[in-house]
Amino acid sequence: MVRAMLVAMARKTANDDPLAPVTLAVGQEDLLLDRAVREVVAAAKAADADTDVRDLTPDQLQPGTLAELTSPSLFAERKVVVVRNAQDLSADTVKDVKAYLGAPAEEITLVLLHAGGAKGKGLLDAARKAGAREVACPKMTKPADRLAFVRTEFRTAGRSATPEACQTLVDAIGSDLRELASAVSQLTADVEGTIDEAIVGRYYTGRAEASSFTVADRAVEGRAAEALEALRWSLATGVAPVLITSALAQGVRAIGKLSSARGGRPADLARELGMPPWKIDRVRQQMRGWTPDGVSVALRAVAEADAGVKGGGDDPEYALEKAVVTIAHAARSRGRA
């Protein structure tokens, strides 16, 4: 499903030319909408450096305005007319746009940005029927969609990034596509070779939540050395120990919950366990090697570490290191059985 969505993001109609008479950018993801506009403008300026670009909001496109903007020029100049939030155009202006779609002017590219919902659907349908080049710009609300977006950004940049690096970046940055795209751009500019999880961690480990969950992920995967390295880095950059014990607890509990749950699709298990579907897939990968006894041992280790960092011990750092090692060993308990 995610792959299909990404294909749609890059999809254009059979007319794949940014200088097609009409481009229809559909969706609510601002970054993708802006990219669709920039692609058309860049192509127009490459064809004619003096291209006139008009970027209009619905209130600026009054009845008759489009006819004025697209009327023949004495100098036959190339022009790009961008109409944002086309779903909000007045009824009379929509009539003008529909009429224009039937006979677009030469050397002029019309770009319609439409949210894609029920509002203004008549205009959307008319543009499609007229054969407009279409670019899908869907809002990415699911973590899996954002992860796929990051992977695509690296591929588009011609760079290789490990799956763990992509996931760490999404965990660190969050849901803002502009920030994710900017982070990919920074990493590809600054780093040579394959971008891995350690590199992403060095750049973005200052985000406490992501850093603490990196420690937990490596621990429940049985990767003791990497978990300890992530722990020491987190503590050195000021991550509160209580955040790390919380992340460790969540990681171990997720293993325990999924181990005892009935089999089923990620969406069904997500509803049953209160986890997002993408996390079900991730925990399934992490739980290999775990046994019920291993989960019990790890939970006791987390409880002891929690007490240690909250004043029950003299050395919070040692308490965390001990917990991380115990959890990582517990993650391999099935293999030692």
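1. Two strands are said to pair if DSSP finds at least two bridges between them, and helices (H or I, at least four residues) and strands (E, at least two) are DSSP runs that are numbered from the N terminus. In that sense Leu24 stands opposite Leu112 in S4, and strands S1 and S4 pair in the parallel sense over five bridges. The model is a predicted one, in which local features need pLDDT of at least 70 and side-chain atom pairs count only at pLDDT 80 or more, while totals for chains, interfaces and linings use all residues. Residues are numbered from 1 along each chain as its sequence is written, and side-chain values use heavy atoms, with hydrogens and water left out.

2. As an overview, the protein has 17 helices and five strands. Of its 337 residues, 45% count as buried, where buried means under 20% relative accessible area, exposed means over 50%, and partly exposed lies in between (1.4 Å probe, protein chains only). Taking contact to mean heavy atoms within 4.5 Å, one finds that among contacts between residues at least 6 apart in sequence, 75% join residues at least 24 apart.

3. The five strands form an open sheet in the order S2-S3-S4-S1-S5, with parallel pairing. Strand S2 (52-56) and strand S5 (133-137) stand at the edges, each with a single partner strand, so one side of each is left without a neighbour in the sheet. Neighbouring strands of this sheet are turned by 15 degrees against each other on average, direction ignored; for such angles, axes are lines fitted to C-alpha atoms, for helices over the stretch in contact, and the angles run from 0 to 180 degrees between N-to-C directions.

4. Strand S1 (residues 22-27) runs parallel to S5 and is joined to it by five bridges, and Thr23 has Arg133 as its bridge partner in S5. Helix H5 (residues 121-129) packs on the sheet, where it touches S1, strand S4 (108-114) and S5, and its direction makes about 135 degrees with that of S1. S3 and S4 also pair in the parallel sense over five bridges, with Thr109 in S4 as the bridge partner of Val80.

5. How many of the residues of S4 are buried? Seven of the seven are, so this strand is largely enclosed by the rest of the structure. In a regular strand the side chains alternate between the two faces of the sheet. Both faces of S4 are covered, with Ile108, Leu110, Leu112 and His114 buried on one side and Thr109, Val111 and Leu113 buried on the other.

6. A nonpolar core is here a set of buried Ala, Val, Leu, Ile, Met, Phe, Trp, Tyr and Cys residues joined through side-chain atoms within 4.5 Å. The largest has 37 residues, and Phe149, Val150 and Leu169 touch the most other members. Elements that give two or more residues to this core include strand S3 (79-83), helix H6 (143-156), helix H7 (163-173) and helix H8 (177-190). The largest share, eight residues, comes from H2. Leaving aside neighbours within four places in sequence, Val150 is in contact with Cys166, Leu169, Val170, Leu180 and Val184. Apart from this core lies another, of 29 residues, among them Val215, Ala247, Ala298 and Val302.

7. Two helices can be checked against their expected span, which is 1.5 Å times one less than the number of residues. The 18 residues of H2 should span 26 Å, and the end C-alpha atoms are 26 Å apart, which agrees; among the buried residues of H2 are Leu33, Val37, Val40 and Ala44. For helix H16 (residues 316-330), the 15 residues should span 21 Å, and the end C-alpha atoms are 21 Å apart, which agrees as well. Buried residues in H16 include Leu320, Glu321, Val324 and Ile327.

8. Most residues other than glycine have a negative phi, and most peptide bonds are trans. Asn85, although not a glycine, has a positive phi of about 50 degrees; Asn85 is placed in the loop between S3 and helix H4 (91-102) and is partly exposed, with a relative accessible area of 40%. Glu107, also not a glycine, has a positive phi of about 65 degrees, lies in the loop between H4 and S4, and counts as partly exposed at 37% relative accessibility.
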